[in-house]
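Welcome! Here are some exercises to work through with the model open beside you. Try each task before you read its solution.

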Amino acid sequence: MKKIAGLFAVSLVALAVTGCNDKETKAADNNAPAAKGNDTVYLYTWTEYVPDGLLDEFTKETGIKVIVASLESNETMYAKLKTQGEAGGYDVIAPSNYFVSKMGREGMLMPLDHSKLPVMKELDPDWLNKPYDQGNKYSLPQLLGAPGIAFNTNTYKGSDFTAWGDLWKPEFANKVQLLDDAREVFNIALLKLGQDPNTKDPAIIKQAYEELLKLRPNVLAFNSDNPANAFISGEVEVGQLWNGSVRIAKKEQAPLDMVFPKEGPVLWVDTLAIPSTSKNPDGAHKLINYMLGKKAAEKLTLAIGYPTSNLEAKKALPKEITEDPAIYPTAEILQKSYWQDDVGDAIQYYEQYYQELKAAK
């Protein structure tokens, strides 16, 4: 799940999840998790991705206790694992696809043993073997994120928004909410300009920044912390939103829908992977296999709305989710979409210009 980009590691909260659904809160510092045997697996994932009871059956079936640490951003996860080095003790992590490619290149991920992951046969083949991890050497996809233009259906209709450039219209002055994420915001400007959203060219990134300055008078807020809430409360009627957030708003009966502009969205996938420093890779494979399995995948999508990679789970989900094109992008949309990728050192330009954009009036 995309969050505000951060450059520094922060302290995390670890939750002990047991078979009887008893959660014990423990303080976690920047040191590695405590040494343990093969009866424990340390999972580092997005807070929303472990709803109550999700791991109960895993513990009952395997006898393995799962200690869950809350992941707040890919950048924080990366910095934390770098700081821990060989002393690191997380067994399963949930990097977004563009960090899988980065961490794989840097030797931070352990190659997966596919023979221990029979769940792969249930996964959507269209989600596998992507450029960020060819052959799924290091990761398996869990949930799909697709940002689009959300709008209040009492005020607007879908045909009002056909291109990302529609957000620049003067009629939306001080009305638009953008996701509080440098790459997400620059993506829409780069697509508007007909440029590659994964560009590393400083001149093109600057051009996108200048285009975003023209959008700035329309921006009411930057928000990635439960961004659907502003639509639910009526504070915002138009803006950038993720497909999972659309599901949350619709569950609350909010008058909201979302469309994907003609340029297509820039997709991201949150994955499950094993750090190269894992002390329990066998338990890690078992946990990944369980979390991507039909029962857990179905429960997770029902809870947070993001499309699951598990085709068997998708069959069991209600049609109000799987047949809603704002939540599950159509094949046509997916074909013209981009995958967000790691931009290497060029991220400094995105971040610098993004902070300047937010400070601009």
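Predicted model: local features only at pLDDT ≥ 70, side-chain atom pairs only at ≥ 80, totals over all residues.

Residues are numbered from 1 along each chain as its sequence is written, and side-chain values use heavy atoms, with hydrogens and water left out.

**Exercise 1. Find how many helices and strands the protein has, and what share of its residues is buried.**

Step 1: The protein has 13 helices and 13 strands. Helices (H or I, at least four residues) and strands (E, at least two) are DSSP runs, numbered from the N terminus.

Step 2: Of the 361 residues, 58% are buried, where buried means under 20% relative accessible area, exposed over 50% and partly exposed in between, with a 1.4 Å probe and protein chains only.

**Exercise 2. Describe how helix 4 meets helix 5.**

Step 1: The axes of helix 4 (residues 182-192) and helix 5 (residues 202-215) come within 9 Å and cross at roughly 100 degrees. Axes are lines fitted to C-alpha atoms, for helices over the stretch in contact, and angles run from 0 to 180 degrees between N-to-C directions.

Step 2: Helix 4 is therefore roughly perpendicular to helix 5, a label for angles of 65 to 115 degrees.

Step 3: Look for the contact (heavy atoms within 4.5 Å). Helix 4 brings residues including Val185, Phe186 and Lys192, and helix 5 brings residues including Ile204, Tyr209 and Glu211.

Step 4: By class, this contact has eleven nonpolar, no polar and two charged residues. Ala, Val, Leu, Ile, Met, Phe, Trp, Tyr, Cys and Pro count as nonpolar, Asp, Glu, Lys and Arg as charged, and the others, Gly among them, as polar.

**Exercise 3. Which residues of helix 9 are buried, and what covers them?**

Step 1: In helix 9 (residues 294-304), the buried residues are Ala296, Ala297, Leu300, Thr301 and Ile304.

Step 2: These residues cover an arc of only 125 degrees around the axis, so they lie on the same side of helix 9. The arc is that of the directions from the helix axis to the C-beta atoms.

Step 3: Their cover includes strand 6 (139-145), helix 7 (243-251) and helix 8 (281-291).

Step 4: Gly305 follows helix 9 and has a positive phi, near 90 degrees.

**Exercise 4. Where is Asn226 found?**

Step 1: Asn226 sits in the loop between strand 9 (219-222) and helix 6 (228-233).

Step 2: Although not a glycine, Asn226 has a positive phi of about 55 degrees.

Step 3: Asn226 is partly exposed, with a relative accessible area of 41%.

Technical notes
Parallel < 35°, antiparallel > 145°, perpendicular 65-115°, else oblique.
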